[in-house]
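Okay, thanks for having me, everyone. Let me put the model up, and then we'll walk through a surface spot and a pair of rings.

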Amino acid sequence: MSTKPHWDREHHAKMATGIGDPQCFKGMAGPPKFKVGDRVRIKDIPDLFYTRTQTYTRGAVGTIVRLVYESPAAEDEAFGNEEHVEWFYSIVFKQKDLWPEYLDVYGNDSVETEIPERYLELA
């Protein structure tokens, strides 16, 4: 028998009411593993049903430009698993690094996206 507490369907709404989401998780992730300026590679972790980590970033190297918030990863939160709060980082990639066929004339174009800590490793 599971010892995990049963969360009611309104648990998250109750936590965030009057505070906001992801602000209701502030201070729960512990110290961040990475800092602004770090070059990181996006791990290719399998996900089930839902993730906010775009597949086109898997294996790519980008630069952290900002720590944005603390929250459970979407793939956990979607199923009510809110115990593992982690940092989210804003990461900038050169588009040419994500899509090699991207035209050289646009070589300075970039993409910025938020990715949870579990997907990152130092490059």
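So, start with Y50: at 39% relative accessibility, Y50 counts as partly exposed, where buried means under 20% relative accessible area, exposed over 50%, and partly exposed in between, with a 1.4 Å probe and protein chains only. Quick housekeeping: this is a predicted model, where local features need pLDDT of at least 70, side-chain atom pairs count only at pLDDT 80 or more, and totals for chains, interfaces and linings use all residues. Residues are numbered from 1 along each chain as its sequence is written, and side-chain values use heavy atoms, with hydrogens and water left out.

Back to Y50, which sits in the loop between β1 and β2; strands are DSSP runs of E, at least two residues, and helices are runs of H or I, at least four, numbered from the N terminus. L48 lies in the loop between β1 (39–42) and β2 (61–72), and L48 counts as exposed because its relative accessibility is 62%. From L48 to I115 you go 67 residues in sequence, and 17 Å in space, C-alpha to C-alpha.

Now the rings. How many aromatic pairs does a search of the whole structure find? Four, counting Phe, Tyr and Trp rings (six-membered ring for Trp) with centres within 6.5 Å; planes under 30 degrees apart are stacked, over 60 edge-to-face, the rest tilted. One of them is F34 with Y89, edge-to-face at 5.7 Å centre to centre and 80° between the planes. F34 is in the loop between α1 (11–16) and β1, and Y89 is in strand β3 (residues 85–94), so this pair ties together parts 55 residues apart in sequence. Both F34 and Y89 are buried.
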